[in-house]
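Please read the following briefing alongside the sequence and the three-dimensional structure.

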Protein chains: 2
Amino acid sequence: MENTNKKRRGRAAKKSNKKVKIIPLGGLEQIGMNITAFEYDDSIMVVDCGLAFPSDDMLGIDLVIPDITYLKDNYLKVKGFCITHGHEDHIGALPYILKQLNVPVYGTRLTCALIEKKLKEHQIDDTAKLHIVKYGDTVSLGDFKVEFVKTNHSIADAASLAIFTPAGTIFHTGDFKVDYTPVFGDPADLGRMAEIGKAGCLAMLSDSTNATRPGFTMSERTVGKTFDLIFAEHRDSRIIVATFASNVDRVQQIINTAYKYDRKVVVEGRSMVNVIGTAAELGYIDIPEGTLIDIDHLKDYPLEKTVIITTGSQGESMAALSRMASSIHRKVEIVPEDVIIMSSTPIPGNEKAVSKVINELSMKGAEVIFQDTHVSGHACQEEIKLMYSLLKPKFALPVHGEYRHLMAGKGLAEAVGIPSENVLIMSSGDVVELSEDSCKITGHVEAGGVFVDGLGVGDVGNIVLRDRQSLSQNGIIIVAMSLEHGTNRLLSGPDIVSRGFVYVRESTDLMNEASAVVREAVADCLHARITDWSKIKNVVRDSLSEFLWKRMKRNPVILPIIMEIH
Amino acid sequence: MENTNKKRRGRAAKKSNKKVKIIPLGGLEQIGMNITAFEYDDSIMVVDCGLAFPSDDMLGIDLVIPDITYLKDNYLKVKGFCITHGHEDHIGALPYILKQLNVPVYGTRLTCALIEKKLKEHQIDDTAKLHIVKYGDTVSLGDFKVEFVKTNHSIADAASLAIFTPAGTIFHTGDFKVDYTPVFGDPADLGRMAEIGKAGCLAMLSDSTNATRPGFTMSERTVGKTFDLIFAEHRDSRIIVATFASNVDRVQQIINTAYKYDRKVVVEGRSMVNVIGTAAELGYIDIPEGTLIDIDHLKDYPLEKTVIITTGSQGESMAALSRMASSIHRKVEIVPEDVIIMSSTPIPGNEKAVSKVINELSMKGAEVIFQDTHVSGHACQEEIKLMYSLLKPKFALPVHGEYRHLMAGKGLAEAVGIPSENVLIMSSGDVVELSEDSCKITGHVEAGGVFVDGLGVGDVGNIVLRDRQSLSQNGIIIVAMSLEHGTNRLLSGPDIVSRGFVYVRESTDLMNEASAVVREAVADCLHARITDWSKIKNVVRDSLSEFLWKRMKRNPVILPIIMEIH
């Protein structure tokens, strides 16, 4: 690491027709799974390595990680990963990817600590090459020099990246907001950003998550004020606050308020205990002596003298708050006097789950508060415009978000004066060639999601998912038969077994009729001298399928199994 | 039908300790499936008979209809249904229920027409007893007299019901809002409501759908103004408006605006064509001559001279707008100049689907507008308070909505001065006994949802759904074996087949190992002289399950099938 400010400026001022490639391998037209490769000559450096949570149609899938075929095909070029911050959608795929491609990883202190925790769980912390970077430091990765610039987000130690390339400077905002009064640490280093802009910024990749929202995102501190009001109003109740496990600053504010109102604090939920533990170890959170107590000591204090900070603000069925709401939490029982603060807004898709938890808590008589108890970690329109105004990039590449967010991001870039033809919306897998004079998509590489299911990585694909989809809608009927070798005479069966189809006990007539249909189909085959088993199976499948559709308007998966008996 | 105003008032003024029962059989702690029975002595009359759409965990289910065991057990008492309005969640279960219980059905004109359409589809329109009621008319149903009172909602001809019972007057708001300037027909008959309140209202059941929202719901006409602005601004684009099929007034306003800006109108989407057709026949919608054209004639007009009104505003995957967005609509192709107005807000649970459609439309270059293009059909807090102030009921029973909405409804009743102990939150199946002096839950009857899957009603229950859930998460493995009669010697197999588990071709090692595990399990059984097949199946299932969990951390459904060979 070296301070290259001066050299850089000289370089940026010179004209060059060198071309650098930008290759997003994930994170576009989706929320999550952020990973973008930057390539020049024999050097590739990668920004972030996140996972995505499965969408509703990815039945049974635990996680989705990026397809890094392109990086593996060019593994000698890959110099390392630069990580912007410690959220799952930016670090979550690292344990899986590093097993395939063990290159150095650079990040700020908290980011590295959170990554290390993951690598330990996967038992690869010994071999991984993790490097802590300070704000202002510059890392050399082949032909690239990357400076970590202080920014704000809903987790401490978030960085924007200034990537100095032979073609010019590329600024990647990372996930960001502009918080002039952050709870921990400093505001975003707008001065350094302006400096980089002044020296010449060729292109900017900008967080578009909130690009459809007008105005400014409020400071994290405004939530602290709401907490204060709620605590002041509810001195006779226990207070339970649910928020994102990774929102250390939010937890800090709850602890501050609890301390002010003389309450003991319990942190509950595995992921939150993990993150807060790490943050506390590193000094990213300040817990006054004696404030934090173990959950087993809750009973030693009057309810109204306690606060529980918990996971489950998104209605996740296995998280602590959901377990409390449905009375299966082993240590916390909701009582009618409880006040529950939902300190997050539902991520699209989670609305119903959140609603369910609120209903269950209300049924137990608890009061649920969710107004003014959350601010976003992402920049709204005015902050994004501020970035453009500071960096003054020639080209704009909106990133992070669904297509409509990227479109909104494009609108903002144009609003601050970047010509429409200099704003490019990328898709995952696009190869963008960037030079001083041009920025365009010139190719495409393999990219997409790889499904993780249990210990399996990539062994579940679209065919398996399609099967799961069919099974989930209509169930399965298995038709087992034994045929005599040579004659194809039915020796045993058909045995018809179903799962997820109908109550068999209430449908014996139906099953008897189905059995007759199969018997007839097999007899027809015998009669027509069809001996090919796959053909017999098809005839059985078609006959039964037609019968069931006519009779019930249903379409189960039908699986004939023929056993040969000698 | 007779005018019983005078008699009623006399009756309401007298003291009585007669008890009437209120039995909600659905619609509480859920959205949809509204149905409530009122019982006195030998008379039962039922308000509404709606369906619910399946929740995410009801895999493969098409619809949910109420369990009417209680009505069937008392079928001689049931005098008829009074229907408040023509939405699916109030009429949708009628075709199923009337097949089991063919009693008279009363509703206003449009409501009856929409019901009749449904009955025709189910081919029971000949036998059904459908009666059109005018506002102000009173229907006698055994000991009950029911007056239909004009109210407003997002469909015309919506009624509140004044139910005159031997115990006193019960007012059921139905789904309502207060619209002083409705697009079609008159504002809610607040005068009559006040009169009923003055004569004495014992209890009110009030729509709580929006009870958590402050203020007033805006008039439907405000949406018309937004349409005007959008049409004025986009004179060079085709305009596509997506809204609820049943929102006749919304369609009227789109047609009015189209006519003003000299555009032709196409209505697209089966359910919308149905509803608008019925509304037009009955004169509930006014379409200027020559404005409406067939979709096949779209090509005869310049794009910017047309408007398409379509279903799919909730992102429903098979609806017209979704098909246009994903380029599988046979007659409409989205072009970059198109302007799409989403004239509805996503119903909780549909946010992601709506987002997907917006993304797809944006990718095609279309502009999607969704601000100020919708107003709710349900009353907000101030309107609900207005109802309480007009009716002045002694007891309040919030209905329609999840538990948190009912709780909010309770809060509003208390805010206008109804003592807390006079506000009762019911659950589906509760039996509420109401007299002049008391209103309390005294029992419980069978209630809940019956699943409709294809032509099957009630043949899919929780066990089948649980199976579908397991199948959807992990798939299924079938282990087929032929055993010799008497000896249990393995004659053929084990054949291992899977669906929704892994790519078998890429997992031959795994399948070979699995096969060995099964073989060993069968051999162990033979050795231990276990001859009971269900025991052998259990041993096979357990061995294989353990093997797969250790090896892959997955838990597929395992189904051993044993065939006996003589």
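In helix α5 of chain B, the residues B:Leu110, B:Thr111, B:Cys112, B:Ala113, B:Leu114, B:Ile115, B:Lys118 and B:Leu119 are buried; buried means under 20% relative accessible area, exposed over 50%, and partly exposed in between, with a 1.4 Å probe and protein chains only. This is a predicted model, in which local features need pLDDT of at least 70, side-chain atom pairs count only at pLDDT 80 or more, and totals for chains, interfaces and linings use all residues. Residues are numbered from 1 along each chain as its sequence is written, chains are lettered from A and ligands numbered from 1 in the order in which they are written, and side-chain values use heavy atoms, with hydrogens and water left out.

**Helix α5 of chain B**

- Helix α5(B) covers residues 109–121, and its 13 residues reach 19 Å from the first C-alpha to the last, close to the 18 Å expected at 1.5 Å a residue. The expected span is 1.5 Å times one less than the number of residues.
- Helices (H or I, at least four residues) and strands (E, at least two) are DSSP runs, numbered from the N terminus.
- The buried residues of α5(B) pack against α3 (88–91), α4 (94–100), β6 (105–107), β7 (130–132) and α9 (270–281) of chain B. Contact here means heavy atoms within 4.5 Å.
- After α5(B) comes B:Gln123, which has a positive phi near 55°.

**Helix α8 of chain A**

- Helix α8(A), residues 248–260, has 13 residues and reaches 18 Å from its first C-alpha to its last, close to the expected 18 Å.
- This helix is mostly covered, since 10 of the 13 residues of α8(A) are buried. Among them are A:Val248, A:Val251, A:Ile254 and A:Ile255, as well as A:Asp249 and A:Arg250.
- The buried residues of α8(A) pack against α7 (221–233), β13 (239–242), β14 (264–268), α9 (270–282) and β15 (306–310) of chain A.
- Just after α8(A), the phi of A:Asp262 is positive, at about 60°.

**Chain A as a whole**

- Chain A has 16 helices and 25 strands.
- The C-alpha trace of chain A spans about 90 × 70 × 45 Å along its principal axes.
- Of the 566 residues in chain A, 58% are buried.
- Among the contacts in chain A with a separation of 6 or more, 73% are between residues 24 or more positions apart.

**Residues in loops**

- B:Asn247 lies in the loop between β13 (239–242) and α8 (248–260) of chain B. With 2% relative accessibility, B:Asn247 counts as buried. Apart from neighbours within four places in sequence, B:Asn247 is in contact with B:Ser154 and B:Glu220.
- B:Ser435 lies in the loop between β19 (430–434) and β20 (439–444) of chain B. The relative accessible area of B:Ser435 is 7%, so this residue is buried. Beyond neighbours within four places in sequence, B:Ser435 is in contact with B:Lys18, B:Lys19, B:Ala167, B:Leu202 and B:Phe395.
- A:Leu303 belongs to the loop between α9 and β15 of chain A. With a relative accessible area of 36%, A:Leu303 is partly exposed. Not counting residues up to four places away in sequence, A:Leu303 touches A:Ser237, A:Arg238, A:Arg263 and A:Val335.
- A:Leu303 and A:Ile23 are 280 residues apart in sequence, and their C-alpha atoms are 54 Å apart in space.

**The two chains together**

- Chain B is superposed on chain A by a rotation of 180° with 0.0 Å of shift along its axis, with an RMSD of 0.1 Å. The two copies are therefore related as by a two-fold rotation axis. The superposition is by least squares on the C-alpha atoms of residues with pLDDT of at least 70 in both copies.
- The same surface serves both copies, as 100% of the contact residues of chain B recur in chain A.
- Among the residues of chain B, B:Ser472 comes closest to the rotation axis, at 2.4 Å (C-alpha).

**Helix packing between the chains**

- Helix α13 (residues 403–415) of chain A packs with helix α11 (residues 351–363) of chain B at an angle of about 50°, and their axes are 8 Å apart. Axes are lines fitted to C-alpha atoms, for helices over the stretch in contact, and angles run from 0 to 180 degrees between N-to-C directions.
- α13(A) and α11(B) are therefore oblique to each other. Angles under 35 degrees count as roughly parallel, over 145 as roughly antiparallel, 65 to 115 as roughly perpendicular and the rest as oblique.
- In this contact, A:Tyr403, A:Arg404 and A:Met407 of α13(A) meet B:Ser355, B:Ile358, B:Asn359, B:Ser362 and B:Met363 of α11(B).
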